[in-house]
Structure formats: structure tokens, C-alpha cells
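User: I have a model open and want to know what stands behind the labels. Can you take me through them?

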Amino acid sequence: ESAKAIAQVCAAVSPTFIDPGSVETNIVALDLSALKITAAQLNAQLKDEGILASALGPKFLRVVTHLDIAETDLAKILETLPKLLKRALVA
């Protein structure tokens, strides 16, 4: 559920990032090829906000959810990640 919610807010920014229908596990794989920044740069921005993800390639970011993530943590991700994606699209 958490991974689906993350995928949905990312797809709402741009459907090129992910197809929420493809998320069947706790892993959200984002295709950042539409952005001018790299996955490592976005990952660093997320880390500055207290959110850990993984840049697994120049334009590939992986977000993994866990059962122990609190609702407040999920809310922070659902607010912060789309904000950073939007900023990167217009940069």
C-alpha cells in the first residue's frame, strides 16, 4: 500500500516516472530520464530531507518501503518526493 501511494504521487507529477499499476511489491523504481538532474542529485536532496533512497544508475532511483515506516514518515515522503520531482522538472 505504501509503495503504491508513493508511485501514485510520483506519477501524478509525470507519468514518465512510473506506472503505479506496475508496483506489486514494496519497491518503487523511478525512471528519472525526463529530469535534468541525476538520480544521485535527487537522492542527496531526499537525504537532506531525512528520506533515504538509492540511486542505482544515472537516471534510476529506488525507494523501498518497510512495515515499520510510521504513517508520519510516509506522509513526509508523499509530500516531499513530488515537490522535489516538480522542482527538478522545471529546473
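Analyst: Here are the terms, each set against its definition.
This is a predicted model, in which local features need pLDDT of at least 70, side-chain atom pairs count only at pLDDT 80 or more, and totals for chains, interfaces and linings use all residues. Residues are numbered from 1 along each chain as its sequence is written, and side-chain values use heavy atoms, with hydrogens and water left out.

User: What makes residues of helix 2 "buried", and which are they?

Analyst: Buried means under 20% relative accessible area (1.4 Å probe, protein chains only). In helix 2, residues 39–48, that applies to Ala39, Leu42, Asn43 and Leu46. Helices are DSSP runs of H or I, at least four residues; strands are runs of E, at least two; both are numbered from the N terminus.

User: What do the buried residues of helix 2 pack against?

Analyst: Strand 2 (54–57), strand 3 (60–64) and helix 3 (71–90). Contact means heavy atoms within 4.5 Å.

User: How do you know that strand 2 and strand 3 pair?

Analyst: Pairing takes at least two DSSP bridges between two strands. Three bridges join strand 2 to strand 3, so they pair, and they run antiparallel. Gly57 stands opposite Phe60 in strand 3. A hairpin of two residues links the strands.

Notes. Buried < 20%, exposed > 50% of the residue type's maximum accessible area, 1.4 Å probe, protein only.
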